[in-house]
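Dear colleague,

Please find the structure below, handed over for your study. A short account of the findings follows it.

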Amino acid sequence: MKSGSFWRQKPLWWAYRIAMGLAVLLVVMPSLYLGIHRWIPIPMTSFMIQDRLHARFAGEQDYIFRYEWTPWHQISPHAGIAVVAAEDQKFPWHSGFDVEAIEEAWEDHQKGGRLRGASTISQQVAKNLFLWPGRNFVRKGFEATFTILIEFFWPKKRILEVYLNTAEMGRGVFGVGAAARLYFNKSPGNLTAHESALLAAVLPNPIRLRADRPSAYVNRRAEWIQKQMRQLGGAYYLSGI
C-alpha cells in the first residue's frame, strides 16, 4: 500500500474519525472533568439538567430545584454509612462493580425475572453525572466506561461525597444538604442515624417515597437500614476510605 493511501480510503477514514470522536467523548472529556472536580464542587449533573428541563417543558409550576453542595466534613457520618448500608455494602472494597450482585441479577433474569439493577454507588455516580435514566445495554456500556474512570481518578471518599451531594432524594431535591434542610429543618451535619436512614430509604424511588412523611414501607426499610448500619460497625466502617 502506497504511503498515504489509507487516508484516501473513505470508509477507513470515516471509521477512524468516528473512533477518535468516541474516544474523546467517552474518555478524554470525562477524564478532564473528573480531574478538575476531584477537588472542586460539582456545579450540576446530567440528571439535574434533565430534571429541570422536564419540569419546564411539562409546565410544572410548583417545581422547585433544590441543590446545596456540602463538603464531606460538614455531612453527618450517619449519612455516609446509611447510603452504603442501603445501596452498596461492599463499596469500600470493590473497584466500581459488584461482580457477585451482577451475576445474581443476570441469573434471575435468565430464569424469567425482571432485569433488576445491581449498580454500585460508583456506577450511580457515573449515571448521575453523565447519563440519562433507563436500563438498556447501550447506557450500561457508557456507565461501565465512566465508572472505571471515576474509580481511577477519585478516591472512595470523594466518590461517596459526590454521591451524597448529587443523589435525588425527592422531586427536585438533590443531595443531603438540600434534603436535610427541607425535610428536617437542620443542617446535613446534624442528621441523626434515623433521619439518615430515612433519606437512604427513599433512594430507590425518590419521586414516590417521602423521607419527611414516610409510608409504612419507608419506615420498615429505614429500620432495616439502621440495623445494617449497626452490623457494619457504624461510621467506623468507612474510616479507611
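I begin with N185, which counts as exposed because its relative accessibility is 70%; exposed means over 50% relative accessible area, buried means under 20%, and partly exposed lies in between (1.4 Å probe, protein chains only). N185 is placed in the loop between α8 (175–184) and α9 (193–201), where helices (H or I, at least four residues) and strands (E, at least two) are DSSP runs, numbered from the N terminus. Although N185 is not a glycine, it has a positive phi of about 55°.

Before going on, please note that this is a predicted model, in which local features need pLDDT of at least 70 and side-chain atom pairs count only at pLDDT 80 or more, while totals for chains, interfaces and linings use all residues. Residues are numbered from 1 along each chain as its sequence is written, and side-chain values use heavy atoms, with hydrogens and water left out.

The next topic is the aromatic rings. A pair of aromatic rings is described by the distance of the centres and the angle of the planes. Rings of Phe, Tyr and Trp (its six-membered ring) pair if their centres lie within 6.5 Å; planes under 30 degrees apart count as stacked, over 60 as edge-to-face and the rest as tilted. By this rule there are 7 aromatic pairs. One of them is the tilted pair of F65 and F174, with 5.8 Å from centre to centre and 45° between the planes. This pair links distant parts of the chain, 109 residues apart: F65 is in the loop between α2 (46–57) and β1 (66–67), and F174 is in strand β3 (residues 173–174). Is F174 buried or exposed? F174 counts as buried because its relative accessibility is 1%, whereas F65, at 22%, counts as partly exposed.

F152 and F153 form an edge-to-face pair, 5.0 Å centre to centre with 85° between the planes. F152 counts as exposed at 65% relative accessibility, and F153 as partly exposed at 23%.

A charge sits over a ring if NZ of Lys or CZ of Arg is within 6 Å of the ring centre and within 35 degrees of the ring normal. The charged end of K156 sits over the ring of F91, 4.6 Å from its centre, and that of R158 sits over the ring of W154, 5.8 Å from its centre.

Yours sincerely
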